[in-house]
Amino acid sequence: MSETQAEELLAAVQDFLRRDVLPQLEGFAAYNTRVAANSLAIVARQLQLQPELDRLDLAYALQAGLDPGAGPIPQQLARALRNRALAPDASLLSYLRQRALQALEIDNPKYSGYLQAKERWQAR
């Protein structure tokens, strides 16, 4: 199955839940259905945007001397900062801002904090 097919399937199920199922429900069942539809939207965005986030992590890992094969870059970065093997600098701050924006775009692109940060940080 290609990613396009997966995204189409996710969109179809999400549409079905919102259009056909949700209007027939109320209370906790309606809430759970909205959560399920929103979760499908997150999965679709992750399929679409995760490769860009992975490229960002890889580029920073190589720049910072981290081993891309040694586990998730954010965890390696946290350990390196904790152990003072890596000093915070403008490059790190730029990476963290970009990563936060990309992660929020996957999780909730309508979140007001994301929209404000995107406007403020991309202006730099």
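Start at L86: leaving aside its neighbours within four places in sequence, L86 is in contact with Y60, A64, L77, A80 and L81, where contact means heavy atoms within 4.5 Å. Before going on, note that this is a predicted model, in which local features need pLDDT of at least 70 and side-chain atom pairs count only at pLDDT 80 or more, while totals for chains, interfaces and linings use all residues. Residues are numbered from 1 along each chain as its sequence is written, and side-chain values use heavy atoms, with hydrogens and water left out.

Now for the core around L86. The largest nonpolar core has 13 residues, and L86 is among those with the most contacts inside it, along with Y60, L66, I73, L77, L92 and Y95. A nonpolar core here is a set of buried Ala, Val, Leu, Ile, Met, Phe, Trp, Tyr and Cys residues joined through side-chain atoms within 4.5 Å; buried means under 20% relative accessible area, exposed over 50%, and partly exposed in between (1.4 Å probe, protein chains only). The elements giving two or more residues to this core are α2 (27-64), α3 (73-82) and α4 (90-107), and α2 gives the most, with five. Helices are DSSP runs (H or I, at least four residues), numbered from the N terminus. There's also a second, separate core of five residues, including L17, A37, L40 and A44.

How do α2 and α4 sit against each other? Their axes come within 8 Å and cross at roughly 170°; those axes are lines fitted to C-alpha atoms over the stretch in contact, with angles running from 0 to 180 degrees between N-to-C directions. That makes α2 roughly antiparallel to α4, a label for angles over 145 degrees. Among the residues making the contact are L49, L53, L56 and Y60 of α2, and L92, Y95 and I106 of α4. By class, this contact has eight nonpolar, six polar and six charged residues. Ala, Val, Leu, Ile, Met, Phe, Trp, Tyr, Cys and Pro count as nonpolar, Asp, Glu, Lys and Arg as charged, and the others, Gly among them, as polar.

Take a look at the loop between α3 and α4, where R84 lies. Phi of R84 is near 60°, a positive value in a residue other than glycine. R84 counts as exposed because its relative accessibility is 75%.

Finally, move on to helix α5 (residues 112-122), the place of L115. At 42% relative accessibility, L115 counts as partly exposed. Leaving aside its neighbours within four places in sequence, L115 is in contact with P109 and K110. L115 and L101 are 14 residues apart in sequence and 8.9 Å apart in space, C-alpha to C-alpha.

Methods. Angles under 35 degrees count as roughly parallel, over 145 as roughly antiparallel, 65 to 115 as roughly perpendicular and the rest as oblique.
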